[in-house]
Each structure stands twice: as C-alpha cells, then as structure tokens.
Amino acid sequence: MVYHIGNTVVNIPESIDEFNKTSARYMMEQVNKKPDSVMGFATGGTPVGAYRELIELYKSGRISFEMVKSFNLDEYYPIKKDNSQSYFRYMNENLFNHIDIKPENVHLPCGEAVDPNTECDAYEKKIIAAGGIDFQLLGIGTNGHIGFNEPDDKFPCKTHLVGLNQSTIDDNARFFDSRDEVPRKALTMGIKTIMSAKKILFIASGANKAAIIKEAFFGDITPHVPASVLQLHTSVIIVLDEAAAADIKDKLE
Ligand code: GLP
C-alpha cells in the first residue's frame with residue numbers, strides 16, 4: 001500500500017519480498033533515468049534483500065551499472081578491508097561482485113587509512129568532484145542514526161570520524177563473533193553530506209525500528225534523533241515493512 005506524509009510517499013509493501021523488490025525498483029528507476037548516476041549505498045541487514053533484487057534485475061538485462069559511480073555511507077574504523085565484517089567486503093559480496101559496476105567507480109571510506117581525518121576530507125572532496133550524490137539509500141539505527149551519525153547535541157556536517165554509541169555496538173554485535181570485536185569508531189558521511197543528496201530512499205524493517213521511525217518522522221527535528229533531519233529534505237521516498245510502520249500507520253494519509 002502507498003501512503004503519504006505530506007508530499008513524501010510512504011510505501012508499506014505486504015511482504016518482505018515486495019519490500020525488497022520495491023526498494024530495488026526505485027534504485028533501478030534512478031539508474032535507468034540517469035545511467036551515470038552517483039549512487040550512495042548503505043549497509044546493515046536491511047538492504048541485503050534489495051541488493052539481491054538489483055543483482056537479479058542486472059542479470060535479466062533490466063539495469064546496467066557501467067556508468068554508475070558509488071559512494072558508501074560509512075565504514076568501521078579501524079578495520080581491515082578483508083575483515084569479514086568490513087563494509088568494503090559487505091558491498092563486494094552483496095552487490096559489486098555480481099554487477100557490472102567498474103571497480104574504479106566504487107568508493108567507500110577506507111577503514112585502513114593511517115590518518116582518518118585526512119581520509120574523511122579526501123572522501124568528502126571525491127563526492128563533490130563527482131557532482132554530489134544523485135540518489136542515497138539510507139537505513140536507520142535503533143537509536144536514530146543515519147550512516148553512523150550518532151545522536152549528539154549538534155548535527156555533524158561533513159564526512160568525519162565518529163565514536164560509536166554503546167547501543168550501536170550492541171546492535172551490530174550480532175554480525176561479529178563477539179561484542180569485543182565490534183570496532184569502537186567509524187568513518188561516516190556527515191548529515192550535510194547526506195542531506196545534499198538529490199534524492200533519498202529511506203528503508204527500514206522490523207518491529208525494533210517502529211518507535212524510532214515515529215520519532216524520526218513525527219517528532220521534533222533534533223540531532224538527538226539524527227534521522228529527524230530528513231523531515232527537511234524535499235525528496236525522500238520511504239519504504240517500510242508493516243512491523244517498522246506499526247507506530248505511524250494511523251498518522252499516514
Ligand atoms: C548500521 C549502518 C547504518 C544502517 C543501520 C541499520 O550500523 N551504519 O547505515 O542503516 O546501522 O542497520 P540494520 O539494517 O542492520 O538494522
């Protein structure tokens with residue numbers, strides 16, 4: 001079903017299969033409309049199914065990434081590229097190895113950088129040099145983070161080094177062998193970097209996201225809920241599963 005918050009379209013597909021297909025379809029429409037799109041990609045559990053669908057669309061000849069440039073939102077710091085939980089590996093395994101994107105057009109903040117601040121400045125410059133992000137895929141942390149922009153007293157602006165909150169470390173521990181192995185820091189696009197994207201596809205699934213989705217889209221705009229800044233973006237599309245939409249369903253038009 002399709003609902004609205006003001007002018008923002010909120011898709012609530014009936015199954016997880018449709019959730020993945022809907023999310024992938026928005027990305028395909030972007031790339032087919034502008035084959036040299038600059039795509040901002042996200043990680044986490046939520047987009048895996050959408051990436052699987054994109055791979056299927058590629059295999060069936062309905063999309064090509066030959067001219068696409070990509071910039072990922074974030075990366076743990078420090079982390080080796082070949083660590084099984086690096087976002088570098090995640091993107092290769094879940095998407096890039098299976099499509100025709102050119103390796104030289106793929107960008108992630110480097111978790112192996114000796115000087116993280118220099119790496120962040122360079123990353124921000126590369127995004128600007130590419131003409132900015134046309135289409136940004138975004139998930140949300142249970143504490144409201146987007147990328148790894150954690151709740152704070154102010155919105156961080158550009159790509160930067162961030163200390164992860166305990167709740168994020170706890171949430172992401174499920175991907176690692178133990179909690180101790182979760183890196184305590186990350187490199188992430190800033191809020192301004194994300195908000196400069198021309199279009200944003202926001203996706204969330206699962207009952208553990210329901211409360212924060214309500215705060216993000218119906219609460220105050222505050223850096224304590226970083227995703228709430230999206231209320232100020234003029235071109236956001238939302239895809240939620242029923243569980244993530246549970247607390248806002250009665251507020252949708
Ligand atoms: C991760 C990523 C975010 C992601 C979020 C949700 O830590 N840094 O970009 O949106 O947390 O992840 P998941 O989809 O696994 O719930």
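Helices (H or I, at least four residues) and strands (E, at least two) are DSSP runs, numbered from the N terminus. The model is predicted: local features need pLDDT of at least 70, side-chain atom pairs count only at pLDDT 80 or more, and totals for chains, interfaces and linings use all residues. Residues are numbered from 1 along each chain as its sequence is written, and side-chain values use heavy atoms, with hydrogens and water left out.

The protein contains eight helices and 11 strands. Its C-alpha trace spans about 50 × 45 × 35 Å along the principal axes. The radius of gyration, taken over C-alpha atoms, is compared with a globule rule of 2.2 Å times the number of residues to the power 0.38. The value for the protein is 17 Å, which agrees with a compact globule because 253 residues in that form would have a radius of gyration near 18 Å. Of the 253 residues, 55% count as buried, where buried means under 20% relative accessible area, exposed over 50% and partly exposed in between (1.4 Å probe, protein chains only).

Two strands are taken to pair if DSSP finds at least two bridges between them. An open sheet of eight strands has the order E1-E2-E11-E10-E7-E3-E4-E6, with mixed pairing. Its edge strands are E1 (2-5) and E6 (106-107), each of which pairs on one side only.

Within this sheet, strand E3 (residues 38-41) has Val-38 and Gly-40 pointing one way and Met-39 and Phe-41 the other way, and all are buried. In a regular strand the side chains alternate between the two faces of the sheet. E3 runs parallel to strand E4 (residues 69-72), to which four bridges join it; Lys-69 is the bridge partner of Val-38 in E4. E3 also runs parallel to strand E7 (residues 135-138), through two bridges, and Gln-136 of E7 is the bridge partner of Gly-40. Together with helix H2 (residues 48-59), E3 and E4 make a right-handed β-α-β unit. A crossover is right-handed if, with the strands pointing away from the viewer, the path from the first strand over the helix to the second runs clockwise.

Ile-203 lies in strand E10 (residues 199-204). Ile-203 counts as buried because its relative accessible area is 1%. The C-alpha atoms of Ile-203 and Asp-180 are separated by 28 Å, with the two residues 23 apart along the chain.

Strand E9 (residues 185-188) is joined by four bridges to E5, and these two run antiparallel. Four bridges also join E9 to strand E8 (residues 160-163), again antiparallel. Thr-188 of E9 is the bridge partner of Asp-74 and of His-160. The loop between strand E5 (74-77) and helix H3 (87-94) holds Pro-78. Tyr-77 and Pro-78 are joined by a cis peptide bond, with omega about -10°.

The largest pocket has a volume of about 430 Å³. Of its 24 lining residues, Gly-44, Gly-45, Ile-140, Gly-141 and Lys-209 are the closest to the centre. Grid points are joined across faces, edges and corners, and a volume is the space filled by probe spheres set on the points. Helix H5 (residues 166-172) gives the most to the lining, with three residues. The lining comprises seven nonpolar, 13 polar and four charged residues (Ala, Val, Leu, Ile, Met, Phe, Trp, Tyr, Cys and Pro count as nonpolar, Asp, Glu, Lys and Arg as charged, and the others, Gly among them, as polar).

Definitions and conventions:
On a 1 Å grid over the protein atoms alone, a cavity is a set of points where a 1.4 Å probe fits but cannot get out, and a pocket is an open set with protein on both sides within 12 Å along at least five of seven lines; lining residues have an atom within 4 Å of a point.
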